[in-house]
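I open this page to record what I looked up, entry by entry. The sequence and the structure come first.

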Amino acid sequence: MSTATSLLPSPRKLAFYGLLGAMAVVEAVEWPIAVAVGAATEVITREQAARQRAEHERIERDRAEREQGRQAATERTEPGGPAQPAMA
C-alpha cells in the first residue's frame with residue numbers, strides 16, 4: 001500500500017491537477033496549455049525539492065563535521081591522555 005501512495009501526488013497537487021484538467025474539459029483553457037502548465041509545475045516542484053534536499057544534506061554534513069572537530073579537540077585536551085615526556 002505504501003508504494004501506491006508514494007506514487008500519488010499530494011492532496012493539494014491532486015486538487016490543482018484536477019482543476020486544471022476540469023478547465024481543459026470545459027474548454028476554459030486549451031488542452032495543450034493545460035498540459036504545459038501541469039508539466040512546468042511538476043518540473044519546478046521537483047527542482048525545488050531537489051534543491052531543498054541538497055541544502056539540507058549540506059547543512060547536516062557541515063553540522064557533522066563541526067561535531068567531529070569538537071570531539072577531536074576534546075580528545076586532545078582531556079587529562080589522562082598519553083603522558084608527555086619531561087624535558088631536562
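**Entry 1: surface and fold.** How much accessible surface does the chain have, and what share of it belongs to carbon and sulfur atoms? I looked up the total and found about 7,900 Å² for the chain, with carbon and sulfur atoms accounting for 61% of it. I note at once that this is a predicted model. I then checked burial, and of the 88 residues in the chain 7% are buried.

**Entry 2: confidence.** Which elements of the chain have the lowest and the highest mean pLDDT? Helix 1, residues 2–7, has the lowest at 68, whereas helix 2 has the highest at 95.

**Entry 3: helix 2 and what follows.** I compared the span of helix 2, residues 11–25, with expectation: its 15 residues, at 1.5 Å a residue, should span 21 Å, and since the end C-alpha atoms are 21 Å apart, the two agree. Just after helix 2 I looked at the backbone and found that Glu-27 takes a positive phi of about 60°.

**Entry 4: Glu-42.** I located Glu-42 in helix 3, which covers residues 31–77. Which residues does Glu-42 touch, if those up to four places away in sequence are not counted? I found Lys-13 and Tyr-17. With Tyr-17, the side chain of Glu-42 makes a polar contact of 2.7 Å, and with the side chain of Arg-46 Glu-42 makes another, of 2.9 Å. I also noted that a network of salt bridges links Glu-42 with Lys-13 and Arg-46.

Entry 5: How many salt bridges does a search of the whole structure find? The search returned 7, and I followed up some of them.

I began with Glu-55 and Arg-58, whose side chains meet in a salt bridge of 2.6 Å, N to O. About one helical turn separates Glu-55 and Arg-58, because they stand 3 residues apart in helix 3. I looked up their accessibility as well: Glu-55 has a relative accessible area of 37% and is therefore partly exposed, and Arg-58 also counts as partly exposed, at 35%.

I turned next to Arg-63 and Glu-60, which form a salt bridge whose closest N and O atoms are 3.1 Å apart. Here too the residues lie 3 apart in helix 3, which means a separation of about one helical turn between Arg-63 and Glu-60. Arg-63 is partly exposed at a relative accessible area of 43%, and Glu-60 counts as partly exposed at 32%.

I finished with Arg-70 and Glu-67, where the closest N and O atoms of the salt bridge are 3.2 Å apart. Why are Arg-70 and Glu-67 separated by about one helical turn? They are 3 residues apart in helix 3, so the separation comes to about one turn. For Glu-67 I noted a relative accessibility of 34%, so Glu-67 counts as partly exposed.

How values were computed: Residues numbered from 1 in each chain as written. Predicted model: local features only at pLDDT ≥ 70, side-chain atom pairs only at ≥ 80, totals over all residues. Heavy atoms only, no water. Helix = DSSP H or I, 4+ residues; strand = E, 2+ residues; numbered from the N terminus. Expected span 1.5 Å × (residues − 1). Polar contact = N/O pair within 3.5 Å; in protein donor to acceptor, adjacent residues only side chain to side chain. Contact = heavy atoms within 4.5 Å. Buried < 20%, exposed > 50% of the residue type's maximum accessible area, 1.4 Å probe, protein only. Areas by Shrake-Rupley, 256 points an atom, 1.4 Å probe, with all protein chains shown as cover. pLDDT = per-residue confidence, 0-100. Salt bridge = Lys/Arg side-chain N within 4 Å of Asp/Glu carboxyl O.
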